[in-house]
Amino acid sequence: VLINLVHNAVDAMPEGGRIILGARRAGRFVELRVQDTGKGIPDEVRARIFDPFFTTKGSAGTGLGLSVSYSIMQRHKGEIEVSSRTVDDVEDGESTGTTFTLRVPMVGGESDGAVVEADDLGVRDLPHDTARVLVIDDEENIREILTDIITTGGHEVFVAETGPDGLSLLDDNRFDLVFTDLSLPGMSGYDVAEQVKALRPGTPVGLVTGWGATLDRRQVGVHGVDLILSKPFKFDQVISLVEEALAESKKSAG
């Protein structure tokens, strides 16, 4: 989360500026701050800044950076807030800029008496509840987004850029779920799904596509596809599919 916020701060200051990092204890929380001296964020943008797939960077941004950061903070029972001042908010001599504040609950150790126990944070029993997921996609940003989401959910991810590269990983690895893009060069997602089922018949395959609403579910099932992940996908949707696949895998093993 901190790395993501620092990258955003750098992007907000194309002509240079200052980034200030701060940390302090605030009651039962540790409070972290990332502050920049950029141009600030307008109110209409700030209201949507944590929405999935919302971006002001055009084709250069995925719109999932702050959405994933928000989800990470929620899963750790923390908070993330943003305050900002644009040129319309400041008077002469005042500076513009944005401040992100993170509040993370303290766990164990020495404190002022306000301690959050580890069990209260929903700590998973790893590696027993860890799914192994293979992501096959020729778009780097989609691979990175799915990797961020799935690893944030406490699972392990392997990635491949092409169908053959992904299938080669099946030779030596067992996966609880395979996500493959539909429009892969040279070898379509349907081809990948059929090969996965030939190599690992019990492994569920999810098709990642922007055309999910137009696909016939029964027809894609003929190709070995078990589920469809439609773009734009949401954090909770991806995690839910991974955990369902893990549950089915454990049931089959039992």
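**Helix H5 and the sheet**

Modeller: Among the elements that cover the buried residues of helix H5 are E5, E6 and H6. Please bear in mind that this is a predicted model.

Colleague: On which side or sides of H5 do its buried residues lie?

Modeller: H5 spans residues 163–170, and its buried residues are Gly-163, Gly-166, Leu-167 and Leu-170. Buried here means under 20% relative accessible area. These residues cover an arc of only 95 degrees around the axis, which puts them on the same side of H5.

Colleague: Which strands stand at the edges of the open sheet?

Modeller: The open sheet has five strands with parallel pairing, in the order E6-E5-E7-E8-E9. An edge strand has a single partner strand, so one side of it is left without a neighbour in the sheet; the strands in question are E6 (156–160) and E9 (227–230).

Colleague: What is the average twist from one strand to the next?

Modeller: The value refers to the open sheet of five strands. From one strand to the next, the twist averages 20 degrees.

Colleague: Which residue is the bridge partner of Val-178 in E8?

Modeller: Strand E7 covers residues 177–181 and runs parallel to E8, residues 205–209, with four bridges joining them. Within E8, the bridge partner of Val-178 is Val-205.

Colleague: What angle does the direction of helix H6 make with that of E8?

Modeller: Helix H6, residues 189–199, packs on the sheet and touches E5, E7 and E8. The angle between the directions of H6 and E8 is about 170 degrees.

Technical notes:
Residues numbered from 1 in each chain as written. Predicted model: local features only at pLDDT ≥ 70, side-chain atom pairs only at ≥ 80, totals over all residues. Heavy atoms only, no water. Pairing = 2+ DSSP bridges. Helix = DSSP H or I, 4+ residues; strand = E, 2+ residues; numbered from the N terminus. Axes fitted to C-alpha atoms, helices over the stretch in contact; angles between N-to-C directions. Contact = heavy atoms within 4.5 Å. Buried < 20%, exposed > 50% of the residue type's maximum accessible area, 1.4 Å probe, protein only. Arc of directions from axis to C-beta.
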